[in-house]
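The sequence and the structure are shown first.

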Amino acid sequence: MDAVELPRTALDTFLSSSAFAEMLDPDDERTASRSAAARRAEISDVLRAVDRFAGRRFVDRERAGEVVFGGVTGGGLGVRPSVVDEVLALLRPVAVPAPGPPKPIPHEAKSVLGSYVYALVDPRDASVFHVGVGRGDRVYRYAAAAVAGVVPDPADIVGDDEPAHVAAAIEDHVRDIDADGFGVEHWILRYDVKTIETSESQALSLHGAALDGVMLAGAEPHATGHDATHTEKPWPVEELVLRYAAPVSPPLPEPCVLVKVDAAARSDATADVIYEHARSAWRAGPHRTVPDLPVLVFADDLVRAVHRVDYWESFRDSEGNLDPKRWVYTGRPDPELEARYVGTSLREVRGERGGKWNPSGWHPYGPVP
């Protein structure tokens, strides 16, 4: 689901804003109506609140306003609306898991993951609150137990189980996250680990490495393939499930275009982020003449979004220079096609094209009428 995040850089950004300058201006109408003590209190309260909640995520803008400014009194006179608007304008969309119990990992993915090291991340502040080892559905053990009362499978244990009081504390944390309207982020840090001793030692090492969710959320998309490097980098569990258990895409609409956008595989890639990355700058050729052209956006063979093109415009670079050979589309998501294709694999299409994708990222499919 999409939530909003107050960036970690929010305080620095706010300090350079017109709203903060207004707070400092003794001649400003709103400022002049307050005593010097009230002005100082307002500034102190607002800066403290922005600094405190920088990096936090909220289910929506309204909830962010309640949390960030709920305890700010501005010297007893309240915070001016222009300041509130300036801070809330800094919020940016971010993709987070929805609340509720997780789905079991399909057998096809379990067989590839083997024994693994996993991390649980609190999506409200992107902090890691547990690192452990396991196999099968072990990564989901605490979310399933806390939210749905599912008893963990002893066969999923690798090494020693967590003590009862530790498990209870983790489950309480999960329930607190769920009550705030979020789901826990589940990450696989290492997988296909060959021995119990190696799994436990890696878990202890990662515990002590000041690992946090910011590093995980910023993880770059990885190359397709199963190799040692691939198994030793962090992945959202859902991403690995898609890779190893995704069904093959049904027959594609003709004509359509497949566009490869590596950024679409990032854990923080919202629908808007994927759209902005996907829409330019393409050598679109005759496909610009196709009405409502379907565009299937993919990364690592997996379809991530489907758009319908409304119209095309010439591409301009960062300096405003026109490139007559490249084009940018404006369009909209197609819910019907997304329900059909998102989460499916284009590996068979890739196979039909010699086993690899065109480096340009633009892949027309089917003849243009």
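This is a predicted model: local features need pLDDT of at least 70, side-chain atom pairs count only at pLDDT 80 or more; totals for chains, interfaces and linings use all residues.

Two or more lining residues come from each of helices H8 (141-148), H9 (164-179), H13 (237-245) and H14 (271-278), and from each of strands E6 (185-193) and E10 (302-316). With four residues, H13 gives the most to this lining. The lining residues of the largest pocket divide by class as follows.

| Class of lining residue | Number of residues |
|---|---|
| Nonpolar | 28 residues |
| Polar | six residues |

The largest nonpolar core has 27 residues, and Ile105, Val139 and Ile188 have the most contacts inside it. Helix H7 (107-113), strand E4 (115-122), H8, H9, E6 and H13 each give two or more residues to this core. H9 gives the most, with four residues. In soluble globular proteins, nonpolar side chains tend to be buried together.

Setting aside neighbours within four places in sequence, Ile188 is in contact with Tyr116, Val117, Tyr118, Val139, Lys233, Pro234, Trp235, Val237 and Leu240.

Arg57 lies in strand E2 (residues 57-58). Is Arg57 buried or exposed? Arg57 counts as buried because its relative accessible area is 5%, and the cut-off for buried is under 20%. The Arg57 side chain makes a polar contact with the side chain of Glu5, at 3.1 Å.

Notes
Residues are numbered from 1 along each chain as its sequence is written. Side-chain values use heavy atoms; hydrogens and water are left out. Buried means under 20% relative accessible area, exposed over 50%, partly exposed in between (1.4 Å probe, protein chains only). A polar contact is a pair of N or O atoms within 3.5 Å; within protein, one must be able to donate a hydrogen and the other to accept it, and residues adjacent in sequence count only if both atoms are side-chain atoms. Ala, Val, Leu, Ile, Met, Phe, Trp, Tyr, Cys and Pro count as nonpolar, Asp, Glu, Lys and Arg as charged, and the others, Gly among them, as polar. A nonpolar core is a set of buried Ala, Val, Leu, Ile, Met, Phe, Trp, Tyr and Cys residues joined through side-chain atoms within 4.5 Å. Contact means heavy atoms within 4.5 Å.
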